[in-house]
Amino acid sequence: MSGVDQLRAELVRSARALGAPEGVAPVLERPRDPSHGDWATNLAMMLTKALGKKPAEIARELIAGMDLAAAGVSEAEIAGPGFINFRIDAGALASQLQRVLDQGDAYGDTQGGAGKPVVVEFVSANPTGPLHVGHGRQAALGDAISTMLSRTGWNVSREFYYNDAGVQIANLTLSTQARLRELAGDALEIPEGGYHGEYIVDIARKYATEHPADTRGDDLDAVRVHAVKALRQEQDLDLKTFGVQFDVYFLESSLYSDGQVERTVGALEKAGATFEEGDALWLRTTDYGDDKDRVMRKRDGTYTYFVPDVAYHVNKWGRGFTRAINVQGADHHSTVTRVRAGLQALGVGIPQGYPEYVLHQMVTVMKGGEEMKISKRAGSYVTVRDLIDEVGRDAVRYFLLMRKGDSQLVFDVDLARSQSEDNPVYYIQMAHARVSGIFRVGEIAMESVTGARVNWAVLDSLEERELVKTLLDWPRLLAGAAESTEPHRVANYLLETARLVHTWYHKHHVLGEPEPVMQARLALGKAARQVLKNGLTVLGITAPDRM
RNA sequence: GCGCCAGUAGCUCAGUUGGAUAGAGCGGGAGCCUUCUAAGCUCCAGGUCGGGGGUUCGAUUCCUCCCUGGCGCGCCA
C-alpha cells in the first residue's frame, strides 16, 4: 500500500467513526502551493451536510481521530475554508522511491486493462501519396495511445487499414498513366481528381524501366499494382523512420473479395434498416441520431465509403476486439455516426459507443514566421518525411504530442529545430542526460544503487520533496492519460518533471558529498532518470545518456 | 442554417475531471560558469480565463444563451 492509500484509509476510518456515510471516498490531492503541505483533502467540507457541523469543527475531529504516525504524517493543519493539509515525514515520503528502483522500466505500469483485447487503428492512409503532417499526428497519437494502453494492462493490437479499393486508386492509376505518356512525349493531362505530386513521376519512370513493353501504361492493371506497391513501400519507410510499427495491415479490398461487404449489406436489409429510393439503397441512420439517412449503394451499383467501414468493424468485433479505438482527423467526424449506426442496426450485440474515436484537429506548420504548405515531393502538402528531415524524429514526435488532440496544433519548425535553449524535447532529454552524467563521471555503476541502506530522511529539502512527490505521481498520471487516451498529459508531465530535475541538479550536488547524503541523492537521481526514461519511451522518444 | 472542436499572458498552449493567490515554454528585462553537461539555474514584467446569466460553501472547469475561429454537413473518401 502506498503512502497516499494509507492516509486515505486513516481518513476513512476517522470519518466513519464520526458518523460519515458508508462508502465515503475522500479526495486527496497535491496542492499547487508547497506551503499547503504534501497532501490536502476537502473531506471536511464534503461532510458538512451529512454531519450537520461546520467544516472547521469536522476537520478538527477528523484529525483527532486519525493515527497520523501510521500514515507517515508529521503535521496536519486546518486551512482556508476547511481544507486539511498534511505534511508527510521526509523519510516516509522518499522511501517510497524504493518502488521506482525495484520496478525499473516497469515502474508506472498498472493492470486496469486486465489483459482485455483492444485494437487501435491509426494512420490508415490511402496508398495514393506520401504521408502528410496529419498522418504524422495520427501516427504519434496512435502509437503513444497504444503504448499507454499496453502499459495499463490492455492487450493491444496496432492496425493499419489500407483503402486500396476505391475511386482514389483509380485516380492514382490514371495519374500514373498520364505521367507515363508525358515521359513518352505526350502533353501532360492529369485527370480530374488526379494526383499532381512529383512522386508520381518517379513511380512512372520506374514503371517504364520495369515494363519496357508498356511505356505508355496501356496495361492499367499492371500500372495500378505497380503504383500501389511503390506507395505502400514509401509509406512503410516513412513509418519506419518515424519508429512506428503495426501488428496488422488490413486491406479494404479483402472485405470485397471475402464477401464481407455483401454479407453486411444483406444483414442490414434483413434487419429492416434499409430502404430503396431513386435507384439507390439507403440506411436509416436517422434511427440512430443522424440528421438524415445515408446512401449505401449508389445508382451505379457501387457502395459508399462507410459501408465497407461498417463491414470492417463487424470484422474487428468478430476477431474478439470488444474494444476498438480509431485515431482520425476531425474532418472525418461525420463518419462516426454512420459507422456506429450501421453496427447498431445489425443488432448483433455491439455496444453503442463502438468503435471509440480519437479525433484530432488540423496541424499548421510554421517556418520562418510563415505557414509552410508545400512539399517538393508531394506538391500540395507537407509530408511527415519533410518534418523528420527538418527537425528529427524525437522533436517531431514530441511536438505532435504536446497538445491535446482536440486543439488545433501549430508546429513551429524553427523552435523544434533549435538545439540550443528553447526546445522542450531537448530540455527533457537533457535532464535525463545530466543525471546519467553523475553516474558516468562518478564511475558509479547504475545497478549498484538499489535503495538498500539508504537513509531516505536526508532528502528533506523543498526541491527534493517536490521532485519525490512528482516521481511518485507517475503511475497515477499514466493510468489517467491512458484512460482518457490523452498522451499530451505525459508530455506535460515530463516537462514538469524535467524542470524539477534541473532545479534539483543545480542546487544539490551529489558526488563528493558525505556518504549518507550522496547515497540518498544517487537513489533519487536514479529514480528520476528512470521516470524520465519511462515517460519518454511511452511517447516513442529516445532517452540519451549524453548529449 | 445544423453538428463537432476550440477561445486562458505579446505568441504557442497546460490547467490533476468543482478547490486555496490561474501555470509552463517562447518572446521582453536583470543576474549566475576554477565544483556531477550553461542544451542549465535564479529573479522581474505580463491576465476582465471570449461575453452575459445560472447551479453552490467555492466555477477557467458543470448548465444555458450569445460572439469569434477551425472542421464537417455529397449517390466524394
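Q: Which domains does the assignment give for chain A?
A: The model is predicted, and the assignment for chain A lists domain 1 (3–88), domain 2 (363–417) and domain 3 (421–539).

Q: What distance separates the centres of domain 1 and domain 3?
A: Taken over C-alpha atoms, the centres of domain 1 and domain 3 are 29 Å apart.

Q: And how many residues of each take part in the contact?
A: Domain 1 contributes seven residues to the contact, and domain 3 contributes seven residues.

Q: What area is buried between domain 1 and domain 3, and what part of it comes from carbon and sulfur atoms?
A: About 590 Å² is buried between domain 1 and domain 3, and carbon and sulfur atoms account for 35% of that area.

Q: Which residues in domain 1 lose the most area to domain 3?
A: Those are Arg 30, Pro 34 and Asp 38, which together make up 73% of what the domain 1 side buries.

Q: How many salt bridges are there between domain 1 and domain 3?
A: Four salt bridges are counted between domain 1 and domain 3. Asp 38 also forms a salt bridge through its side chain, with Arg 465 as the partner, at 2.4 Å from N to O.

Q: How many residue pairs are in polar contact there?
A: Between domain 1 and domain 3, six residue pairs are in polar contact, with both residues at pLDDT 80 or more. On the side of domain 1 that touches domain 3, three residues are nonpolar, one is polar and three are charged.

Q: Let us turn to the sheets. In what order do the strands of the four-strand open sheet stand?
A: The order is E1-E2-E4-E3, and the pairing is antiparallel.

Q: Why is one side of E1 and of E3 left without a neighbour in the sheet?
A: Strand E1 (28–29) and strand E3 (73–79) are at the edges and each has a single partner strand, so one side of each has no neighbour in the sheet.

Q: How many bridges join E2 to E4?
A: Strand E2 (residues 39–41) and strand E4 (residues 83–88) are joined by three bridges and run antiparallel. Across this pairing, Ala 40 stands opposite Asn 85 in E4.

Q: And how many bridges are there between E3 and E4?
A: E3 and E4 pair over six bridges in the antiparallel sense. Glu 75 has Arg 87 in E4 as its bridge partner.

Q: What is the order of the three-strand open sheet?
A: That sheet has the order E14-E13-E15, with mixed pairing. E14 and E15 are at its edges with a single partner strand each, so each has one side without a neighbour in the sheet.

Q: Is the pairing of E13 and E15 parallel or antiparallel?
A: Strand E13 (residues 363–367) pairs with strand E15 (residues 409–412) in the parallel sense, over four bridges. The bridge partner of Val 363 in E15 is Leu 409.

Q: How many bridges join E13 to E14?
A: Two bridges join E13 to strand E14 (residues 370–371), and these strands run antiparallel. Lys 367 is opposite Glu 370 in E14. Their hairpin has two residues between the strands, and Gly 368 there takes a positive phi near 60 degrees.

Q: Back to salt bridges: how many does the structure hold?
A: The structure holds 35 salt bridges. One of them joins the side chains of Arg 151 and Asp 109 at 3.1 Å, N to O.

Q: Where in the chain are Arg 151 and Asp 109?
A: Arg 151 is in helix H7 (residues 133–151), while Asp 109 is in the loop between helix H6 (97–103) and strand E5 (117–121). The pair links distant parts of the chain, 42 residues apart.

Q: Which peptide bond is cis, with omega near -10 degrees?
A: The bond from Tyr 354 to Pro 355 is cis. Pro 355 lies in the loop between helix H14 (334–346) and strand E12 (356–360).

Q: What is phi of Asp 279?
A: Phi of Asp 279 is near 65 degrees, which is positive in a residue other than glycine. Most residues other than glycine have a negative phi. Asp 279 is in the loop between strand E8 (274–277) and strand E9 (280–283).

Definitions and conventions:
Residues are numbered from 1 along each chain as its sequence is written. Chains are lettered from A and ligands numbered from 1 in the order in which they are written. This is a predicted model: local features need pLDDT of at least 70, side-chain atom pairs count only at pLDDT 80 or more; totals for chains, interfaces and linings use all residues. Side-chain values use heavy atoms; hydrogens and water are left out. Domain bounds come from an automatic or database domain assignment. Contact means heavy atoms within 4.5 Å. Buried area is the accessible area (1.4 Å probe) that two parts lose on being put together, summed over both. A polar contact is a pair of N or O atoms within 3.5 Å; within protein, one must be able to donate a hydrogen and the other to accept it, and residues adjacent in sequence count only if both atoms are side-chain atoms. Ala, Val, Leu, Ile, Met, Phe, Trp, Tyr, Cys and Pro count as nonpolar, Asp, Glu, Lys and Arg as charged, and the others, Gly among them, as polar. Two strands pair if DSSP finds at least two bridges between them.
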